[in-house]
Amino acid sequence: MHDKAQPAALVCLAIATAAHVYGGTIAFSDQSTASGLTHHPGMYFDLSPTERMFAGGSVADFNRDGWPDLFLLGGGNTADALFINNRDGTFIEQTAAWGLDVMHRGLGSTAGDFNADGWPDLFVTSAGPVSVTASVGTHRLYRNNGNGTFTDIAATAGVNQASPTSTVATGAAFGDYDLDGDLDLFVCTWEGMDGNRLFRNDGNETFADVTTAAGIDQQFLGFSPRFVDMNGDRYPELLVAADFGTSRYFVNDRDGTFTDATAASGTGLDDNGMGTTVADFNRDGLPDWYVTSIYGPPDRLGNYVYINQGNDLFVDLPESAGAKDGGWGWGTEAVDFDHDGFIDLIETNGWSNQWEYLPSYLFRNNGDLTFSAVQSGTGFDHDGQGRSLMTLDYDRDGDMDVVITSFDEPVKLFRNDLTGPDINWIQVRLDTGVKFAPDGYGAKVTATTTDATQYFWINGGATYLGRSQPVAHFGLLDAATVDLAVTWPDGSMTAIPGLATNRILTLGPSIEGAPGEASGASSPMLATYDDLTDRIEVTFTPACNATNHTIYYGALADVAAYGYSGAACWRGNDGTTSFDPGSGDAFFLIVGNTGVVEGSYGRDGAAFERPEHLATPECDLAQDLSAVCD
């Protein structure tokens, strides 16, 4: 029997006590047709009875233009589809051009830059091409070539097969479990219970199956994996939503192995774990875990909200908290949809009998660890056979939109049309270069205003068969400024106070360690890039008696010629300046003091760092310093 008793140690829930102030008025509009997102997946009917579980997709900025794109699986009766964001509220279908127009039994997907070349790649679980019988060994790893094409290298990379017997693979997730700076991969399999595999990235576009060595070679009916540091030791735990009472909570032992702490942690109580997400629902600085399941008392007790008590201990919220009944729950995500500073929950569902034609649910966080279903009347109208659910800010207006894929039904895009006076926000994307895992996987972002501190853990977890846009999004009510901090996977921190709200920022690690008196650990140069204004902002604290400094910036051609055009100068001690990096898809800067190179930062169109990519060590280029401040 599956024991659902809570551990005796879990006796307390941290609950906000101040009167809750809601943000804006939640409203959605169906933009599927208007946006050009016309895709109708159709599962190939030879995986009975499991084919009804599938319809996946993933969000990523595949062409690195700063706008999220969509990859959607076809299922076999329809080819897969790639929709590139036109940056005007519409998408254009470019599947064939990118080499993804494949007829196969696509099941789930995830995205991540596994080879750290700056371009997000795709992993797809598959039961093989429709021209032959369903088969194992047919998963796909599409390497993004950086030129608008993909190449499937799954076989040579060693990730084309998870289970030796089952064709029913499900979700997958990238994450850096060993903190070596590259993205590892976990793949779930539902049928047969022998295909839940951990692949360690060996850094040369190959992976090694380390499932047994890592201590997670167990039998469970896996659906949705996620790597997140749940206990604050920087090493991500492995969370898996799995069917029939087999969900797992694996604690990272920090030596390449995991310990199954499911029972001891108070998790794994969900009857039919399917979708999953992680967020701090009570703003106590600890990540909580939400798992969708089936609601049908007395035997099926619905969704579980596992509230983190610290030290790998959790307590589930009672049914009175309001998030248990989500029908036959599948894909889910945690987002502050009304910008009140508290994370809401959204999920899609659908099956047969009593679970047919139920609405997808939007659970608004009331700020006291209770949730209210508020989807009715908001325009979030979806009562089909929803499967995967992904969030993204496709129009870059600051609030998060929703995509739902469904079994044998058209894909739906719901635009968030949030209104009201207190709906400020900030979005943070992480550019880790080669120092940490790509796109900030494993980093924690903190946003502090006069009202509260919020937390977000960047990860590539599966919502169910897919991945959302990996961006830290914070609702900030009426706050005009916000203090941001990023804790990187090595424990170092980048802190930037007093930033204006209502902007999209790209943050990187503190720039330090290069020659020059401004490079010490006590005085790093911090650079941020604002996507909305296309400006670089630099905060610089000179060490010792440094006087005047110059920031050089220019286009890619200037850098290639070892020169920077333009200069932005300031005098004295502490300071902040900003400037327009110019046209093109690259930005660069260098700080000099009377001819001494002190630091540089930049990313070109291929997402390589400059000038390091020019094979010049320590950023020590021969710069044109003719514009040094006098």
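This is a predicted model: local features need pLDDT of at least 70, side-chain atom pairs count only at pLDDT 80 or more; totals for chains, interfaces and linings use all residues.
**Strands, cores and a buried loop residue**

Biologist: How many bridges join strand 19 to strand 22?

Modeller: There are 3 bridges between strand 19 and strand 22, residues 304–310. The two run antiparallel.

Biologist: What about strand 18 and strand 19, how do they pair?

Modeller: Strand 18 covers residues 276–279 and pairs with strand 19 in the antiparallel sense. That pairing has 4 bridges. V278 stands opposite W289 of strand 19.

Biologist: Which way do the residues of strand 19 point?

Modeller: Strand 19 is residues 288–291. D288 and Y290 point one way, W289 and V291 the other. In a regular strand, side chains alternate between the two faces of the sheet.

Biologist: And are those four buried or exposed?

Modeller: All are buried.

Biologist: New topic. In what order do the strands of the open sheet come?

Modeller: The order is 10-11-12-13, 4 strands with antiparallel pairing.

Biologist: Which strands stand at the edges?

Modeller: Strand 10 (169–175) and strand 13 (207–209). Each has a single partner strand, so one side of each is left without a neighbour in the sheet. From one strand to the next, the twist averages 25 degrees.

Biologist: How many bridges join strand 12 to strand 13?

Modeller: 3 bridges do, and strand 12 is residues 197–201. These two strands run antiparallel. R200 stands opposite A208 in strand 13.

Biologist: Now the inside. How many residues are in the largest nonpolar core?

Modeller: It has 37 residues. Among those with the most contacts inside it are L141, V159, F174 and L484.

Biologist: Why does it lie between domain 1 and domain 2?

Modeller: Because both give residues to this core. Domain 1 is 29–416 and domain 2 is 424–507.

Biologist: What is V159 in contact with?

Modeller: Leave aside its neighbours within four places in sequence. V159 is then in contact with F123, H139, L141, A154, L185, F199 and F207. There is also a second, separate core of 19 residues, which includes V168, A169, F223 and W328.

Biologist: Last one. Where does Q385 lie?

Modeller: In the loop between strand 27 (371–373) and strand 28 (386–392).

Biologist: Why does Q385 count as buried?

Modeller: Its relative accessibility is 9%, and buried means under 20%. Leaving aside neighbours within four places in sequence, Q385 has contacts including R52, N349, W351, E356 and F407.

How values were computed:
Residues are numbered from 1 along each chain as its sequence is written. Side-chain values use heavy atoms; hydrogens and water are left out. Two strands pair if DSSP finds at least two bridges between them. Axes are lines fitted to C-alpha atoms, for helices over the stretch in contact, and angles run from 0 to 180 degrees between N-to-C directions. A nonpolar core is a set of buried Ala, Val, Leu, Ile, Met, Phe, Trp, Tyr and Cys residues joined through side-chain atoms within 4.5 Å. Buried means under 20% relative accessible area, exposed over 50%, partly exposed in between (1.4 Å probe, protein chains only). Domain bounds come from an automatic or database domain assignment. Contact means heavy atoms within 4.5 Å.
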